[in-house]
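Here is a friendly tour of a protein model. Keep the sequence and the 3D view at hand as you read.

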Amino acid sequence: MFIQEGVNTLDTMQGLKRTHYCGEVEGIGSQVTVGGYVQKIRDLGNLIFIDLRDRTGVVQLAFDDASDREVFKKAASCRSEFVLMAKGAVRERESKNAAIKTGDIEIFVEDLRILAKAQTPPFEITNDTKVNEELRLKYRYLDLRRGVLQKNLMMRSQIAKSARDYFAQNGFIEIETPMMMKSTPEGARDYIVPSRIHHGKFYALPQSPQIYKQLLMIAGFDRYIQLARCFRDEDLRADRQPEFTQIDMEMSFVDVEDVLEIGEGLIKRVFKDVLDTDIPTPLPRMTYKEAMERYGSDKPDTRFGMELIDLSDIVAGCGFGVFSSAIEAGGSVRAIVAKDAAATLTRKEIDKLTEYVRGIGAKGLAFIRWVDEAPSCGFAKFLGEGELDKILERCGAKKGDVVLIVADKNKVTLPVLGALRLKVAKQLDIIPEGYNFLWITEFPFFEYDDESDSWVAMHHPFTMPMDECIQYLDTNPEKVIAKAYDLVLNGTELSSGSIRITDYELQQKMFEALGLTDEEIEAKFGFLVEAYKYGAAPHGGMGIGLDRLSMIMCGADSLRDVTAFPKVQNASELMSAAPGDVDEEQLKDLSIKIVKEND
């Protein structure tokens, strides 16, 4: 049992009122009252020290021979995670602790109240806990007592406040949009909510407030902002949760430059307010085409080099069929160079990398590993005289380097090398600290989907194409460039946005280019199309991921570290065991019957 003999009843707070947070106690000789959780107890017989913790830090409570005997006895009964209030005088600490803010002082306790007892927790509440994450998530309310997570969530709160302050000072109006809306195609699967009143019909949780914020522009609100909750039923990863928060904004009478300027101002303000870090603006820009060609990604991490190198012209006529067939099929042969990596990237490690690239779509991985005087190259026998030297020269490869090569269609070669570049850089530990922001602009409007054998919108169907590209909508969709832009930070996509189509006829044309019939347009977007008939000011905007921004600013490795109650990879929440069953009566009210797959 966790209840200690002699302290079977709990104290009350009557007569005590907290005057200080634990981490903010100061002023030797002053009287203070603090409240918090017991972090640690050191019982030395005639001396007892209790480290009391709250969200601001820790302060030491001291009890000795001069203490009231009942107070001393009560202190001796305390255990880890008991909830206490303590009143006493601040005095200088004999054994100082430079690791904590209050390490020079302690509180000599005159009045101690045990407000709640605690069982021994399933894991120790410390920042450097090594306990399994699943166990911590099951007891998330205990995990959240750890200082590192409390610091993260408080920083997230600061980021949100800074953003709200910035937009308020720039004339934006905060407006809430519906959480239950009509299902519209936006790129991911919807979470759907059955209606009890309208049997057989469903609401959808918003993937974003996209349509509503455009309607707010049509309504004449001019500048909208919302910290919007968004929901997407897609596979999870370290930087993706099924529900997330977006710093969402939209502006009227603007073009691309206006939106980017506001976005840069937000970033500059938030980093200064929260981290006291100056972010130089304007932020660098790169077109989608350049990003893919140089880094193999539309969200490149530019903190390190290892850029992609095109070898196609050198190996086009070589006898190595893997290279020549890729080029003949309209693809390319490209490489990255891992400098001074030959000792780390052994043949065994390269075999692992080969399996990795095969797992993400490549047929294989060619390589040149230069350890001895002459480089080791498995395909050298297929090359003509001097071709290996030309490859090495093009790559700038020296002794000690490893050249990794992929040959395929560009839609395979570029992203595979982009992913390999990141994996190798992490393995070599060559990614420096810092904040590298980058705007990616001039996205293709359409991308070809092999599964459906059709062109689909890369962003969403309300994105405005570049004026000079409208002529290609019917004839050459691959030439259409969108007025779309993404904000990237250290290889993470923070924001996606665009200028919107406001011309009714152009919007209809865009829907038709995407293969939508009049019936589909009416069913999915009829109310928006109707709204455009009544006049719409030119507008555009973007949404910045609050969770991802918080994750990077906190130096966290996962969104779970900046989310109070996160989901795990299978989209379940371990603490509450959501999703859960509902009773038959609830299903009956909704006209829903659960059918097993084999039925």
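## An exposed lysine and its buried partner

K363 has a relative accessibility of 66%, so this residue counts as exposed; exposed means over 50% relative accessible area, buried under 20%, and partly exposed in between, for a 1.4 Å probe and protein chains only. A salt bridge here is a side-chain nitrogen of Lys or Arg within 4 Å of a carboxyl oxygen of Asp or Glu.

Helices (H or I, at least four residues) and strands (E, at least two) are DSSP runs, numbered from the N terminus.

## How to read the model

This is a predicted model, in which local features need pLDDT of at least 70 and side-chain atom pairs count only at pLDDT 80 or more, while totals for chains, interfaces and linings use all residues. Residues are numbered from 1 along each chain as its sequence is written, and side-chain values use heavy atoms, leaving out hydrogens and water.

Side chains of opposite charge can pair when their charged atoms come close. By the rule above, the count comes to 39 salt bridges.

What distance separates N and O in the salt bridge of R53 and E81? It is 2.8 Å. R53 lies in strand β2 (residues 48-54) and E81 in the loop between α1 (69-77) and β4 (83-92), so the pair ties together parts 28 residues apart in sequence. R53 is buried at 6% relative accessibility, and E81 is buried at 4%.

R500 and E250 also meet in a salt bridge, again with 2.8 Å from N to O. R500 sits in the loop between β21 and α13 (504-513) and E250 in strand β10 (residues 243-252), 250 residues apart. R500 counts as buried at 2%, and E250 does too, at 0%.

## The whole protein

The protein has 16 helices and 22 strands. Of its 599 residues, 48% count as buried. Among contacts (heavy atoms within 4.5 Å) between residues at least 6 apart in sequence, 68% join residues at least 24 apart.
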